[in-house]
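Subject: Handover of a protein structure

Dear colleague,

Please find below the sequence and the structure that I am handing over to you.

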Amino acid sequence: MKVTVLGLGYIGLPTAAMLALGGNDVSGFDVNPKVREALRGGADNVGEAEVKRLVLDAIETSRLRIADRIEPADAFIICVPTPNAADGRPNLSYVHDATKAIAGSLAPGNLVILESTVPPGTVERVVVTALREAGVDPDAVLLAHCPERVIPGAIVRELKSNSRIIGGRTPQAAKRAHELYASFVEAEMFATDCTTAELVKVIENTFRDVNIALANELALLCEELDVDAWEAIALANKHPRVNILNPGPGVGGHCIPIDPHFLADANPFLTELIQTARRVNARMPNHVARRIRELVPPKPGRKIALLGASYKANVDDSRESPTERIDELLREHGYATAIYDPVASGFSRPLCATLDDALRDADALVLVVDHDAFKSIDPAAAARVMRGRIAVDARNVLGADEWAAAGFDLHTLGRKAHAKPPLPGANGSSNADRPHGAVVSNITQ
Ligand code: SAJ
């Protein structure tokens, strides 16, 4: 098939490459000329190494072209952002504009697929309306919604191996969309109508948000109860029908904190659980900042080092990163902050060039993101450059014994008791005052 992909971002681009490598003739268009230039010049704008390789491979086959205009095709795939507007309501203007932009290139019988995550009813309310406004009869084309499901960090693998929901406005539209995705999807595909497909996608991310909110609420409760939340959750997850996710400093990224609003917005009175979960997760950065304030009371000249700026481990994306809010809160309270992240790009403030630059003269460090690179930080080396000996671990990755041995007072989110420096001359475990210290480390490692 000849396919035009609109929007060459983190989903549109690998999808275009997959389609090209699957034998289709693909033209990729992005409204931002800088994106087009960067892709033509070696794709250095692509953060994920495997995606970059995939794109370069596809361009080399000449089946993927980066175009300067929207080219006529058999199928059009719209992959544009659907952010929340300032008032918290979904901003569907990009979907509307992209639909209008392809209208002039449409011929009867063309397939038009919306991949962007959208509130239920968007194909009917926004895409159909935009086509009518542009003078295209929506019944003359085949409309479908086929939401992506890939996790940043494993996009290439998941594009092929994840099952997909194919929502067709008509059975014929679903059939044609299924045929197109079958050129690279190796998993099952399930046909339904557009509105159900739109809802399913948003349910998936809302499920994850609610699950993480439960983990976060348990973490706060455990701090009150002086119980180790990580141990309690790991033990509860031994039950064959329990699978609670991990607590953390907040839920970031451009999907999970946004998509539940699409449901809440549909009817605020019927979505109390979803809205509460969102609030629980949204206040985690405040909780982390408060713990720091308790440990290192704000005084002029106090410095906090934040480790990690991206929204989660081992990805460069910093959108909606919890670090952003923690940093803001600390600076509002008068702290100087220094942020180090060897992976992140696009953070709103300049980052330190090295870990030592961030840690130098800091009164405390906070591990916000569990990048692999942070798991091997040497606490003794950190102690040599820092002024204080407070470490806050919001991801439960720093080894209690090791950090205590280097003289650190280590505080882990979800755990009130913390590792204490060993007594002079003692060589015992820093968890010795915890009756189940050994069990904790066995389970969580
Ligand atoms: N997080 C926790 N605890 C956890 C898991 C995640 O605090 O146990 C945090 C992360 O640190 C991060 C945020 O949640 O800040 C979101 O990360 P994530 O890995 O849960 O999800 P995303 O946003 O990278 O990708 C999600 C995925 N959705 C689901 O797993 C249901 C992905 O499959 C979707 O395709 C993607 O959203 C999307 O584009 O919609």
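Which residues lie nearest the centre of the largest pocket? They are Gly9, Tyr10, Ile11, Pro81 and Arg319, among the 47 residues that line the largest pocket.

Before going further, please note that this is a predicted model, in which local features need pLDDT of at least 70 and side-chain atom pairs count only at pLDDT 80 or more, while totals for chains, interfaces and linings use all residues. Residues are numbered from 1 along each chain as its sequence is written, and side-chain values use heavy atoms, with hydrogens and water left out.

The pocket

The largest pocket has a volume of about 1,400 Å³. A pocket is an open set of points on a 1 Å grid over the protein atoms alone, where a 1.4 Å probe fits, with protein on both sides within 12 Å along at least five of seven lines; lining residues have an atom within 4 Å of a point. The volume is the space filled by probe spheres set on the points, which are joined across faces, edges and corners. Helix 1 and helix 4 are the elements that give two or more residues to the lining, and helix 4 gives the most, with 4 residues. Helices (H or I, at least four residues) and strands (E, at least two) are DSSP runs, numbered from the N terminus.

An open sheet is formed by 8 strands in the order 3-2-1-4-5-6-7-8, with mixed pairing; two strands pair if DSSP finds at least two bridges between them. Strand 3 (64–66) and strand 8 (189–193) stand at the edges with a single partner strand each, so one side of each has no neighbour in the sheet. From one strand to the next, the twist averages 25 degrees.

Strand 1 and strand 2 run parallel and are joined by 5 bridges, with Leu6 opposite Phe29 in strand 2. Strand 5 (residues 111–114) and strand 6 (residues 142–145) also pair in the parallel sense, over 4 bridges, and Leu114 stands opposite His145 in strand 6.

Two helices that pack on this sheet deserve a mention. Helix 1 touches strand 1 (2–6), strand 2 (25–29), strand 3 and strand 4 (75–78), and its direction makes about 170 degrees with that of strand 1. Helix 4 (residues 93–103) touches strand 1, strand 4 and strand 5, at about 160 degrees to the direction of strand 4. Contact means heavy atoms within 4.5 Å; axes are lines fitted to C-alpha atoms, for helices over the stretch in contact, and angles run from 0 to 180 degrees between N-to-C directions.

The cores

The largest nonpolar core has 42 residues, and Val5, Leu39, Ile77, Ile113 and Tyr181 have the most contacts inside it. Helix 1 (residues 12–21) gives the most to this core, with 6 residues. Such a core is a set of buried Ala, Val, Leu, Ile, Met, Phe, Trp, Tyr and Cys residues joined through side-chain atoms within 4.5 Å. Buried means under 20% relative accessible area, exposed over 50%, and partly exposed in between (1.4 Å probe, protein chains only).

An exposed loop residue

Ser62 lies in the loop between helix 3 (49–60) and strand 3. Ser62 is exposed, with a relative accessible area of 53%, and its phi is near 70 degrees, a positive value in a residue other than glycine.

Yours sincerely
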